[in-house]
Amino acid sequence: MKKRILFINGHLNLGGIERSLVDILRNFDCSKYDVDLMLFQGEGDYRDEISSGINIYSYDVTTTYGPLLQTLWKAFISLSLFQFLYRLATSLGKPLVIMKLFCTPCHKHYDVVISFRPGLSNSIATKCINAHKHISWWHHGEMNLSRAEKQVLSEEYRLCDKIVTVSKSCTRMLQQEFPKCVGKFITIPNMICTDEILAKSILFKPARANALNIVTVGRLTPEKNTSFCIDIASRLKSQNIPFHWNIIGGGEEYDNLCQKIVRNDVSDFVTLFGPLSNPYPYIANSDIYFHPSLVESQGLTILEAMTLGIPTISVASDGPKEYITNGRNGILIEPSVNEAARAILQIYYNPSFKDGIVTAGYHTINQFSPKSTITKIEHLID
C-alpha cells in the first residue's frame, strides 16, 4: 500500500524555497507514494512544473491581508465564505479553526506531513493535520524571528518528529536555538537538477556585451546585499575595465537599487532585471557569477552557475563555505569592494585559473544530485 504524504507551503512563486520544493516533487516516485500539496497563498509561477501525479489543494488567504473592514468587504463581494471567516478568525487569533473547517487535507489522514517552511505552514502541519509523522523544513541562513515567533516555533518543533535543514551550518544554528530538539535535526541539502538547468539554459540566447559579463541572481533584500554589486561596478568603471553586470531578481530593494545605479553613474554598465522564471540563459552566457549575499543557508544559484560551467565568486557566508574551497572550485571573499574587484580581475586576466575553477565546480555538483537527495528524503519518510 502506498504511503500518503502531504507537503505544505505558502505558494509556488519564484523563490529558492519554492524551487527546492518543486524539484523534490518533480523527482518524487508517485508509484511509491500518494502525494498531496497544500498551498494557502494561491499557486504561482512554478505551478506548471508540478506533475499530474501530485494532488494540489490551493487556498488563497492573501486577500485577507490588510484592514479588517476592507478585507471583509472584499471577501463578501467575491462571495468567498472561506476568506470572510478566515479574516474574522485571524482578527481573533484563531485562523487555524477555519483551516480545519474548510481545507480538505485537514480532513484526511497521512502517513507523513511535511511543512516546507516555518510560520503558518508549520502551524497547519503540527496542529491541523492528522499524520503519523510530522517533519519540518528550515531553509534560512539566520535566525531572524522575534521572541514570540521563536516560542511558537519551539512548541511546534516539540510536536515534530524530524526537522530538516539544508546545510550543516543551519543545523548547528538551530541546535543552539532549540537545544531541547537537538536529536531531531537532520541535514538534507537542496538538489541540483543538472539536466533541467542545462535544457533551460539554451531556450534562448540573451544579448551579450563585448566585454566581461557578470551576472547575479537573487532576492533584492538587505541581507542579500545586492547594492554591493553596484559599488563594485563603480570601482571597475573607474579602472576602465570593460564589463557589463546583469542583476536578476525582485524584492523590496528594487527601487533603491535603481536609484543607486543612477547615482553611481553606472547605468551603461549595470542592467537590473526583475524576477525571471528562467535566469539560466543569462548565467550560461556570462563570464562570472557573483554572489553578494551576507546570509546564505546553501546558495542554490552558486551551484546552478557551477552546473553551467561559470566560475563563481561569493561573499563568504556559512552556506557557500561548506562546499567552496577558496581558489579551487570558486572564490570566497569578504564584503570588500577592493577584494571583490581583485577576485573578478583574477578570473578575467587568468584563463587557466578560470578553467581550473570551472572543472572543480563540475565535480562539486555531484554531491547535490537528485538521486542522493531523494534517497535521503525517502529514508526519512520510511
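I began with an open sheet of six strands, ordered β10-β9-β8-β11-β12-β13 and paired in parallel. For my labels, helices (H or I, at least four residues) and strands (E, at least two) are DSSP runs numbered from the N terminus. I call two strands paired if DSSP finds at least two bridges between them. Since β10 (270-272) and β13 (331-333) sit at the edges with a single partner strand each, one side of each is left without a neighbour in the sheet. On average, neighbouring strands here are turned by 20 degrees against each other, direction ignored. Angles like this run from 0 to 180 degrees between N-to-C directions, and the axes are lines fitted to C-alpha atoms, for helices over the stretch in contact.

A note on the source: this is a predicted model, so I kept in mind that local features need pLDDT of at least 70 and side-chain atom pairs count only at pLDDT 80 or more, while totals for chains, interfaces and linings use all residues. Residues are numbered from 1 along each chain as its sequence is written, and side-chain values use heavy atoms, with hydrogens and water left out.

I looked up β11 (residues 288-291) and β12 (residues 312-315), which pair in the parallel sense over three bridges. Which residue of β12 stands opposite Phe290? I found Ile313 there.

**The seven-stranded sheet**

Next I turned to the other open sheet, with seven strands in the order β3-β2-β1-β4-β5-β6-β7 and parallel pairing. Its edges are β3 (54-58) and β7 (185-187); each has a single partner strand, so one side of each lacks a neighbour in the sheet. Neighbouring strands of this sheet are turned by 25 degrees against each other on average, again ignoring direction.

I then followed β1 (residues 3-9), which runs parallel to β2 (residues 33-39) and is joined to β2 by seven bridges. Arg4 has Asp34 as its bridge partner in β2, and Ile5 stands opposite Val35. Helix α1 (residues 16-27) packs on this sheet and touches β1, β2, β3 and β5 (130-138). A contact here means heavy atoms within 4.5 Å. The direction of α1 makes about 165 degrees with that of β1.

Is β1 mostly covered or uncovered? Mostly covered: five of its seven residues are buried. My cut-offs are under 20% relative accessible area for buried, over 50% for exposed and partly exposed in between (1.4 Å probe, protein chains only).

**Helix α8**

In α8 (residues 194-201), I noted Glu196, Ile197, Lys200 and Ser201 as buried. These residues cover an arc of only 130 degrees around the axis, which puts them on the same side of α8. That arc is taken from the directions between the helix axis and the C-beta atoms. What covers the buried residues of α8? The cover includes α1, α11 (280-284) and α12 (300-307).

Most residues other than glycine have a negative phi. Leu79 has a phi near 60 degrees and is found in the loop between α2 (68-77) and α3 (81-91). Its relative accessibility is 77%, so Leu79 counts as exposed. Asn225 also has a positive phi, of about 60 degrees, in the loop between β8 (212-217) and α9 (227-238). At 14% relative accessibility, Asn225 counts as buried.

I also stopped at Asn338, in helix α14 (residues 337-349). Asn338 counts as partly exposed, at 39% relative accessibility. From Asn338 to Thr171 I read 33 Å in space, C-alpha to C-alpha, and 167 residues in sequence.

**The whole chain**

To finish, I took in the chain overall, with its 16 helices and 13 strands. Along its principal axes the C-alpha trace spans about 65 × 45 × 40 Å. Buried residues make up 52% of the 382. Of the contacts with a separation of 6 or more, 66% come from residues 24 or more positions apart.
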